[in-house]
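My notes follow in the order in which I looked things up.

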Protein chains: 2
Amino acid sequence: MERVYLDNASATPVRKEALEAMLPYFSEHYENPSTVYDMGSKIKSVIDEQREKVAGLIGARPGEIIFTSSGAEANNLAIKGVAFARQKKGNHIIISSIEHHSVLNSARFFERMDFEVTFLPVDKYGLIDPESLSQAIRPETILVSIMHANNEIGTIEPIAALSAICKENGVLFHTDAVASVGNIPVDVNESGVDLLSLSGVSIGAPKGVGALYFRDNLRLMPVLHGGIQENGRRAGTENVPGIVGLGKAAELAGQELSVKQTHLKHLRDTLVAGIIERIPQVIYTGHPEKRIPGHASFCIEALEGEALIFMLTSVGIYANTGSACASKALKTSPVLIAIGTPPDLAQGSIVFTLEKSNQAKDVEYVLEKLPLAVEKLRQMSPIWRRKATA
Amino acid sequence: MERVYLDNASATPVRKEALEAMLPYFSEHYENPSTVYDMGSKIKSVIDEQREKVAGLIGARPGEIIFTSSGAEANNLAIKGVAFARQKKGNHIIISSIEHHSVLNSARFFERMDFEVTFLPVDKYGLIDPESLSQAIRPETILVSIMHANNEIGTIEPIAALSAICKENGVLFHTDAVASVGNIPVDVNESGVDLLSLSGVSIGAPKGVGALYFRDNLRLMPVLHGGIQENGRRAGTENVPGIVGLGKAAELAGQELSVKQTHLKHLRDTLVAGIIERIPQVIYTGHPEKRIPGHASFCIEALEGEALIFMLTSVGIYANTGSACASKALKTSPVLIAIGTPPDLAQGSIVFTLEKSNQAKDVEYVLEKLPLAVEKLRQMSPIWRRKATA
């Protein structure tokens, strides 16, 4: 059977080059980078080389990169690191209403410590209006966190405009760039962000590694307290193989970005046009242009996203409904609700995320199989039958 | 040149069997375990199988294991998870004065939140007197954290007696078992602990993975907030290959424990006797009997541990001075100070930690080279020359 994997936002296979680069660091160069002897120091240098590569991908300096165990940990470190370090300056955090759970729940965690969290609304495309941010900032605001691109609807937020507003107001700006890094150009200086999270899982590095960019010497309270690793900002023996994998994947992501963007945009546009043409009553969610290239998301009327996923799996197509971290926990996506999708329609969410290895034939295969699956599910749907006979 | 690695407490090479078990999960079975489709669920089952193996090694139930990114993260989760969850019950934490930095600094973190931390003293062997714990517990005590075995001096604490006192007083007991798991039998029921941290790095699993045992349905505030992974107790896409490596290493550790203990104890005893016989003015630190089998630690008068490490490296011997996480940060070990070592003597700390693969010839080699290195360094030491001529 054909196998078409279009759930790359949930996880990508580790790239061959990344795995090859990692392999010597499991059983051969396994020493602890914190030891004083030469082999420890050599491994510390290897880590710093990866720091350069990851920094290079986003226009940062190596000393501004902290390696973490995931994008989620990077988000936790950004929010908690700033909030704990600045809690005497103020107790107000602003996030968007479509943030990843790791940002949302990190911010919410501070509500129990007399913080207030403001959730900025988004328009029907999922876009934040910079004007609404200006209005939400108060004297006690210490941090704004708005994602670069949304993983469920693909929309790219105007982070340069948003960070400029924060700068004017002396407020730190963090962006969760897990869904954008490796898919569109990300430059911490052009965008002016103070903190930025990225993840290995989404760029062909292994699971278990991510990174936080933090500008210059920004003070951060660690989330993981302990030893002197990562300059005292993140304790725990460094995941050396994971970090090497992330470095390699970041290097490749930078080299391939422009070709990849064009390739994915073309595939995605074909997929979107084909779905809209072949399936009645389908909504293309997120912004039509301001979105990451390989991302196509829809709400399909009168069916359950989960049922559709299962049906597609039976013909070898792997897609998602909502975000991976939430997909088992939530029946209705808060992101889709935030962009004004009626709850019934939001049930029929499906998200395709493409990668470099995907080809035109993958899209053709989906365009052949998806309408059949939708048709089949709709035939079983009382809502759809009622509509059809109305 | 001979290569004798005796710094296994800092890091162990990943075991061949563990790496082999991990390999398919990088690029082949790479799907996100949180996705709804079958391949995600299969990977979730694989994670649960590893949970069984890790639980099996310490006599726990699989549902009582949370996978983390390191032993340090497990320690953070134990201390912070309990302290945040129980802060309305009380604001007093007791730890020993020889805890790992990740326990020490996690506890200290709460001092800024109106908690008080009591540091229990240890005797000259590094042992906690259970009576001192009884006396230190107050009505507002919510958590006691005392390590199972100390990584710098090898001493094994009487955790069953300590946890029994906690139980009597309705206080939770956590133990950092990073240095003991895989080296001596560890059973959460026999020892009666409520929480226990372990690490992959010290048992031949890869860096980047650890685990926290927590009894039954103990309430824990996550340290990493976000999605639904690990039953909502630890967010972030699961490090599947790392977890598989930990599972395999745990399984093997259990099978080999009794043979390994005998083997290491024999090697260690030969090493210790040889060093004491061949080198004048050397103190064997830690408890002579109540210590982990492969652990030999000394303070050698009139020299610098770091200089000795470098000199040993030049003949292919790798050892440590103090603990890896602190070795670059600290000139004098707080552990050695806590057991009453004079600061001058504490400078001459050296720690050998053996593993299964070490052989009698490794010990012979150290016994041949170490006295020469010590002699050479002492010849350069004004303190030693003054002594010699006195």
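**Helix pair in chain A**

I noted that helix 4 of chain A and helix 5 of chain A are roughly parallel to each other. The model is a predicted one, and I read it as such. I then looked up the numbers behind the label. The axes of helix 4 (residues 71–85) and helix 5 (residues 101–109) of chain A cross at roughly 25 degrees. Angles under 35 degrees count as roughly parallel, so the label follows. The two axes come within 8 Å. Helix 4 of chain A passes helix 5 of chain A in a right-handed crossing.

Next I listed the contacts. On the helix 4 side of chain A I found A:Ala72, A:Asn75, A:Asn76, A:Ile79, A:Lys80 and A:Phe84. They meet A:Ser102, A:Val103, A:Ser106, A:Ala107 and A:Phe109 in helix 5 of chain A.

**Strand 6 of chain A**

Is strand 6 of chain A buried or exposed? I checked residues 172–176: 5 of the 5 are buried, so the strand is largely enclosed by the rest of the structure. Both faces are covered. A:Leu172, A:His174 and A:Asp176 are buried on one side, A:Phe173 and A:Thr175 on the other.

I looked at the neighbours too. Strand 5 (residues 141–145) of chain A runs parallel to strand 6 of chain A, joined by 3 bridges. A:Ser145 stands opposite A:His174.

**Sheet in chain B**

I traced 7 strands of chain B in an open sheet, ordered 2-8-7-6-5-3-4, with mixed pairing. Strand 2 (65–68) and strand 4 (116–120) of chain B are the edges, each pairing on one side only. The twist averages 20 degrees from one strand to the next.

I picked one pair to inspect. Strand 3 (residues 92–96) and strand 5 (residues 141–145) of chain B run parallel, with 4 bridges. B:Ile93 stands opposite B:Leu143. Helix 4 (residues 71–85) of chain B lies across several strands, including strand 7 of chain B, to which the helix runs at about 160 degrees.

**B:Gln261**

I found this residue in helix 9 (residues 240–278) of chain B. B:Gln261 is partly exposed, at 23% relative accessible area. Beyond its sequence neighbours up to four places away, B:Gln261 touches B:Asn183, B:Ile184, B:Pro185 and B:Pro293. I also took a distance: the C-alpha atoms of B:Gln261 and B:Glu31 are separated by 39 Å, at 230 residues apart along the chain.

Note on methods
Residues numbered from 1 in each chain as written. Chains lettered and ligands numbered in written order. Predicted model: local features only at pLDDT ≥ 70, side-chain atom pairs only at ≥ 80, totals over all residues. Heavy atoms only, no water. Buried < 20%, exposed > 50% of the residue type's maximum accessible area, 1.4 Å probe, protein only. Helix = DSSP H or I, 4+ residues; strand = E, 2+ residues; numbered from the N terminus. Pairing = 2+ DSSP bridges. Contact = heavy atoms within 4.5 Å. Axes fitted to C-alpha atoms, helices over the stretch in contact; angles between N-to-C directions. Parallel < 35°, antiparallel > 145°, perpendicular 65-115°, else oblique. Left-handed = near helix turned anticlockwise from the far one by under 90°.
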